[in-house]
Amino acid sequence: MGRGNPRNHNRRRHAIAGIESMARLWLNPESEEIAHNAGTTLIAIARRNRVRIPKRMRIRICRTCKKPLNSTNSKTRIKMKSVRVSCLDCGRVHRYYGGV
């Protein structure tokens with residue numbers, strides 16, 4: 001088996017750099033619109049290049065409205081080995097089981 005195409009390694013490296021730069025904008029937004037656009041772009045880059053978003057960021061983004069889940073726009077409930085995070089903007093409930 002060959003090593004694969006070296007261009008794929010460059011594409012992956014550029015995709016990871018793009019995800020990190022979008023994550024910085026997404027975590028420290030100047031407005032909600034910037035956070036929404038950065039979250040949408042972050043997910044699009046990850047899907048297009050088949051790169052996973054790090055778990056610490058993945059559990060903090062709403063899958064429906066693409067906004068960061070923080071203490072102002074979400075509600076967190078811990079119950080019997082599960083964590084339920086409700087987005088107050090769109091109403092989606094994210095459930096995480098086990099050791100999150």
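Which residues does Ala46 touch, not counting residues up to four places away in sequence? Ala46 touches Ile19, Val51 and Ile53, where contact means heavy atoms within 4.5 Å. The model shown in these views is predicted, so that local features need pLDDT of at least 70 and side-chain atom pairs count only at pLDDT 80 or more, while totals for chains, interfaces and linings use all residues. Residues are numbered from 1 along each chain as its sequence is written, and side-chain values use heavy atoms, with hydrogens and water left out.

**View 1. Overview of the chain.**
The chain has three helices and three strands, and from the N terminus on its elements run α-α-α-β-β-β; helices (H or I, at least four residues) and strands (E, at least two) are DSSP runs, numbered from the N terminus. Along its principal axes the C-alpha trace spans about 50 × 35 × 20 Å. The accessible surface comes to about 7600 Å², of which 50% belongs to carbon and sulfur atoms, with areas taken from the Shrake-Rupley method with a 1.4 Å probe and, for residues, only the protein chains shown counting as cover. Buried residues make up 32% of the 100 residues in the chain, where buried means under 20% relative accessible area, exposed over 50%, and partly exposed in between (1.4 Å probe, protein chains only). Of the contacts in the chain with a separation of 6 or more, 40% are accounted for by residues 24 or more positions apart.

Ala46 has its place in helix H2 and counts as buried because its relative accessibility is 7%. The C-alpha atoms of Ala46 and Arg12 are separated by 9.6 Å, although the two residues are 34 residues apart along the chain.

**View 2. The salt bridges around Lys67.**
The structure holds two salt bridges, a salt bridge being a side-chain nitrogen of Lys or Arg within 4 Å of a carboxyl oxygen of Asp or Glu. In one of them the side chains of Glu32 and Lys67 meet at 3.5 Å, N to O. Glu32 lies in helix H2 (residues 32–49) and Lys67 in the loop between H3 and strand S1 (74–79), so the pair ties together parts that are 35 residues apart in sequence. Lys67 also forms a salt bridge with Asp89, with the closest N and O atoms 3.8 Å apart. This second pair links distant parts of the chain, since Lys67 is in the loop between H3 and S1 and Asp89 in the loop between strand S2 (82–87) and S3, 22 residues apart. Glu32 counts as exposed at 58% relative accessibility, whereas Asp89 counts as partly exposed at 42%.

**View 3. The positive surface patch.**
Arg52, Lys55, Arg58, Arg63 and Arg92 form a positive surface patch. Patches are made of residues with over 30% relative accessible area and no salt bridge, with like charges joined within 9 Å and nonpolar side chains (Val, Leu, Ile, Met, Phe, Trp, Tyr) within 5 Å. Arg58 is found in helix H3 (residues 55–58) and, at 31% relative accessibility, counts as partly exposed. The chain has 24 positive and 5 negative side chains, and the centres of the two sets lie 16 Å apart; Lys and Arg count as positive and Asp and Glu as negative, while His and the chain ends are not counted. The place of a charge is taken as NZ of Lys, CZ of Arg, CG of Asp or CD of Glu.

His94 has its place in strand S3 (residues 93–97) and counts as buried at 1% relative accessibility. Leaving aside neighbours within four places in sequence, His94 is in contact with Ile61, Cys62, Arg63, Leu69, Val83, Arg84 and Val85. Thr76 lies in strand S1 and is partly exposed, with a relative accessible area of 43%. With the neighbours within four places in sequence again left aside, Thr76 is in contact with Val83, Arg84 and Val85.

**View 4. Two loop residues with positive phi.**
Most residues other than glycine have a negative phi. Arg50, found in the loop between H2 and H3, has a positive phi near 55° and counts as exposed at 73% relative accessibility. Met80, in the loop between S1 and S2, has a positive phi of about 45° although it is not a glycine, and Met80 is exposed, with a relative accessible area of 77%.
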